Amino acid sequence: MKKIFLMLSMFTAANVFAASGFAATYEKNIATPSRQIPAEGVIFFDGFESGGFRFVVGEYSGPKKDPLWAQAQFQGDYAAKFVDSPVRSGKKAMRFEWRKANLSKSNTSKKAMIHYGKDPKVEGSERWYGFSFFLPKKDFPLEPKYNVVLFQMHATPDKRLKERYRIPMYALTLRKGYLASHLSYDLDKLSPHNKNIKANETLIKICPLPSLWDKWTDFVVHAKLSLKKKGLLQVWMNGKLVIDLKNINFGYNDDIGSYPSWGIYSYNGKDKRVMFVDEVCIGNEKANYYSVAPGKSDKTQKKMQVGIKK
């Protein structure tokens with residue numbers, strides 16, 4: 001299997017992603033409509049076909065033809081590789097690897113993740129995210145004791161208030177052997193770290209981990225942030241609506257909106273974990289399910305089902 005190795009500096013989110021001049025990582029400053037899958041409302045697409053990518057923060061790892069992301073957090077030079085197999089669509093996908101041996105006190109040591117840009121607002125921010133995961137049974141074992149984040153919408157603390165980083169406002173996470181949807185909110189302007197957030201969290205089981213092994217699983221996440229009970233969260237898995245929450249509080253009371261991340265984020269594990277990601281697509285409030293659902297380029301999108309079937 002041909003593999004293209006990607007090496008990046010190790011840095012922490014607290015010191016880099018929110019550093020002075022971080023306006024460069026605003027979504028509007030890096031968003032580029034995809035030429036591969038023209039669709040209403042699409043502001044970014046990466047099927048990893050170029051075999052490289054670039055980052056606003058950290059090292060620019062490829063030529064200008066490569067997709068531009070905001071930042072990477074890799075615990076080692078093995079953490080991200082472009083591969084020819086398995087792929088969801090096209091000829092390449094991204095392989096993420098996380099190793100227990102490289103854990104340390106730093107936030108980056110716990111991650112093999114890539115991050116996109118920040119929405120400049122919170123209230124009313126609406127985004128559609130499409131992507132596909134492949135979790136190999138051999139390299140992504142069932143570990144009920146440990147939590148693992150695979151996708152997240154993270155927040156940037158208000159540094160002018162000396163606010164600390166908090167848990168993501170939303171995540172698709174593995175907990176107690178299940179894939180689960182985790183969301184929260186905080187109305188306070190200055191969050192007392194995670195105290196308010198944990199009291200306001202909603203955790204919904206989606207499926208057991210073994211049902212995701214050794215196959216591609218497509219996801220579409222539709223999120224609208226609001227602290228006025230006008231928020232919304234919908235999640236489709238392989239076209240099936242598995243989460244449908246409306247008129248909710250969703251997000252944190254920050255100066256700046258959220259940013260999405262894909263990969264592996266975990267504080268502990270037995271040995272290592274490997275996952276593959278493909279067909280990452282981001283849409284704004286004008287997008288819809290079919291704008292971002294994986295498989296648009298090769299006409300293999302899963303048909304959207306309306307309503308949760310009990």
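In the predicted model, Y129 is buried, with a relative accessibility of 1%. W262 likewise counts as buried, because its relative accessibility of 0% falls under the 20% limit. The structure contains 24 aromatic pairs in total. Y129 and W262 form one of these pairs, in an edge-to-face arrangement with the ring centres 6.2 Å apart and an angle of 70° between the planes. The two residues come from distant parts of the chain: Y129 belongs to strand β9 (residues 126-134) and W262 to strand β18 (residues 259-265), a separation of 133 residues.

W262 also pairs with F131, again edge-to-face, at 6.0 Å centre to centre and with 75° between the planes. F131 is part of strand β9 and W262 of strand β18, so this pair joins segments 131 residues apart in sequence. Burial applies to both F131 and W262. Strand β9 thus supplies Y129 and F131 as aromatic partners of W262.

The largest nonpolar core comprises 64 residues, and the residues with the most contacts inside it are Y170 and W262. Strand β17 (residues 240-252) provides the largest share of this core, with five residues. When neighbours within four places in sequence are left aside, the contacts of Y170 are F151, Q152, M153, S181, H182, L183, V221, L233, V235 and F250. Another core lies apart from the largest one and has eleven residues, including F45, W128, A287 and Y289.

Charged side chains are also placed over aromatic rings. R99 lies over the face of Y78, at a distance of 3.7 Å from the ring centre. In the case of W98, the charged end of R273 is positioned over the ring, 4.5 Å from its centre.

R273 is also one of the residues touched by E143. E143 is located in the loop between β9 and β10 (148-154). Its relative accessible area is 8%, so E143 is classed as buried, the limit being 20%. Not counting residues up to four places away in sequence, E143 touches G269, K270 and R273. R273 therefore has its charged end over the ring of W98 and is in contact, within 4.5 Å between heavy atoms, with the buried residue E143.

Definitions and conventions:
Residues numbered from 1 in each chain as written. Predicted model: local features only at pLDDT ≥ 70, side-chain atom pairs only at ≥ 80, totals over all residues. Heavy atoms only, no water. Phe/Tyr/Trp six-rings, centres within 6.5 Å; stacked < 30°, edge-to-face > 60°. Helix = DSSP H or I, 4+ residues; strand = E, 2+ residues; numbered from the N terminus. Buried < 20%, exposed > 50% of the residue type's maximum accessible area, 1.4 Å probe, protein only. Lys NZ or Arg CZ within 6 Å of the ring centre and 35° of its normal. Core = buried A, V, L, I, M, F, W, Y, C linked by side-chain atoms within 4.5 Å.
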